[in-house]
Amino acid sequence: MEKTRIQSDIMDILSSPSLKKEDIVPILKMGSKKEMEALQSLAMEVKREKVGRGVYFRGLVEFSNVCRKNCFYCGLRKDNKKVSRFRLSEEEILNTAAFAHENRYGSLVLQSGENQSKEHIDFICRIVKRIKSQYNLGITLSCGEQSEDTYRRFFRNGAHRYLLRVETSSRELYGKWHPDDGKHRFETRLDCLRSLKNIGFQLGSGSMVGVPYQTYEDIAGDILFLRDMEVDMMGIGPFIEHSGTPFYRSEAYSIPREERLNVTLRMIAVLRILLKDVNIASTTALQVLDKFGREKGLMFGANVIMPNLTPTIRRKDYLLYEDKPCLEEDAFHCNSCLSARIACVGDTIGYGEWGDPLHFFRRINRSSPLWL
Ligand code: SAH
Ligand code: SF4
């Protein structure tokens, strides 16, 4: 494809070996229609060339909202006493796995609040083992910070991907977004990411866009962090306020709510162009800010969608943020709605495939030939 002037400029910047935060900031600010279109078609071109047209479904099961943490931005934080806490039963979770299997989703994401009790860890190991032996789905866990031993147990029982967003790559900002109580340490977050990678997980991470105190430069730093950490799968989403948190009605925004969707889309595009063969999720939070937010995510380079399989009666108790879409829908409805949405942007669904990120195999082959 013939490149426009804007596209050539973007490519020059992003292919520089000495790429710096300051170089990325102007791309994150490209707000005109012409610039957005240029970025979008460039990202789409790289996506088609490096990972193809397939969009992978990961059935998302929000299986427990019990959480020991108090992140200032999240509706599930421990001190939000209005939340009715739950954990799905093994049978309820297995039913969602059966649905995923029947509908030829390759993979399942099991997500929960952070709970380090032995009982909870044993529960996760049991459920992963059962899903693996009955349905052989790819399993991603997203259950927060755990000890290296615990991560190893998850891996041995059959989970092969883990999602742990760094939230922000700035230590200083991390300190402003979390209480200083010894339970929310930036160093611990980094140690967890390193452990997951060492154990052999396909590593998922990411960040939020538009949280109080965050600047464009911080977001550019997140992009470089994900590159340097060699993350295989990215989950990037706009921050959405929740009234049960200290960050509700904060005065400290530098990226107002109406700009967060477009900044997130531009960040997805930059990640696709820069990192090429990673998996990038088009997150549900995008759809809060725009009815077609998730389709737009796909058009700016994302290639993973996470249809919600959480039983409808529990969805309203798993509000990380407010205005979450599809609270009244069921898995069946979400499935057909998302299939139609993918078709309308010209992508195809990778039915029955685990959809592992190509980036992972490239990384493993390079760093450890013994894996072959
Ligand atoms: N407890 C686990 C997984 C559940 S939270 C963990 O924290 O890793 C999953 C993600 O939801 C978090 O990583 C965070 O990036 C996102 N999140 C939390 N509150 C949010 C908000 N108000 N707006 C947008 N995303 C939010
Ligand atoms: Fe708990 Fe995760 Fe929410 Fe933090 S972001 S309060 S760890 S559920």
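Buried here means under 20% relative accessible area. Keep that cut-off in mind for the close-ups below, which come from a predicted model.

**View 1. Cys 71 and its surroundings.** With a relative accessibility of 15%, Cys 71 falls under the 20% cut-off and therefore counts as buried. You'll find Cys 71 in the loop that runs between strand S1 (54–64) and helix H4 (90–102). Setting aside neighbours within four places in sequence, the contacts of Cys 71 are Arg 77, Trp 177, His 178 and His 184. For a sense of scale, Glu 328 sits 257 residues away along the chain, and its C-alpha atom is 27 Å from that of Cys 71.

**View 2. Who surrounds ligand 1.** There are 19 residues around ligand 1, and those that come nearest are Tyr 73, Ser 112, Arg 165, Glu 167 and Ile 240. Sorted by class, the shell has 10 nonpolar, five polar and four charged residues.

**View 3. Polar contacts to ligand 1.** Ser 112 brings a backbone N or O atom to 3.1 Å from a nitrogen atom of ligand 1. Ile 240 does likewise with a backbone N or O atom, 2.8 Å from a nitrogen atom of the ligand. Arg 165 uses a polar side-chain atom instead, 2.9 Å from an oxygen atom of ligand 1. Taken alone, ligand 1 exposes 540 Å², and the protein buries 91% of that.

Notes. Residues numbered from 1 in each chain as written. Chains lettered and ligands numbered in written order. Predicted model: local features only at pLDDT ≥ 70, side-chain atom pairs only at ≥ 80, totals over all residues. Heavy atoms only, no water. Buried < 20%, exposed > 50% of the residue type's maximum accessible area, 1.4 Å probe, protein only. Helix = DSSP H or I, 4+ residues; strand = E, 2+ residues; numbered from the N terminus. Contact = heavy atoms within 4.5 Å. Near = heavy atom within 4 Å. Polar contact = N/O pair within 3.5 Å; in protein donor to acceptor, adjacent residues only side chain to side chain. Areas by Shrake-Rupley, 256 points an atom, 1.4 Å probe, with all protein chains shown as cover. Nonpolar A, V, L, I, M, F, W, Y, C, P; charged D, E, K, R; others polar.
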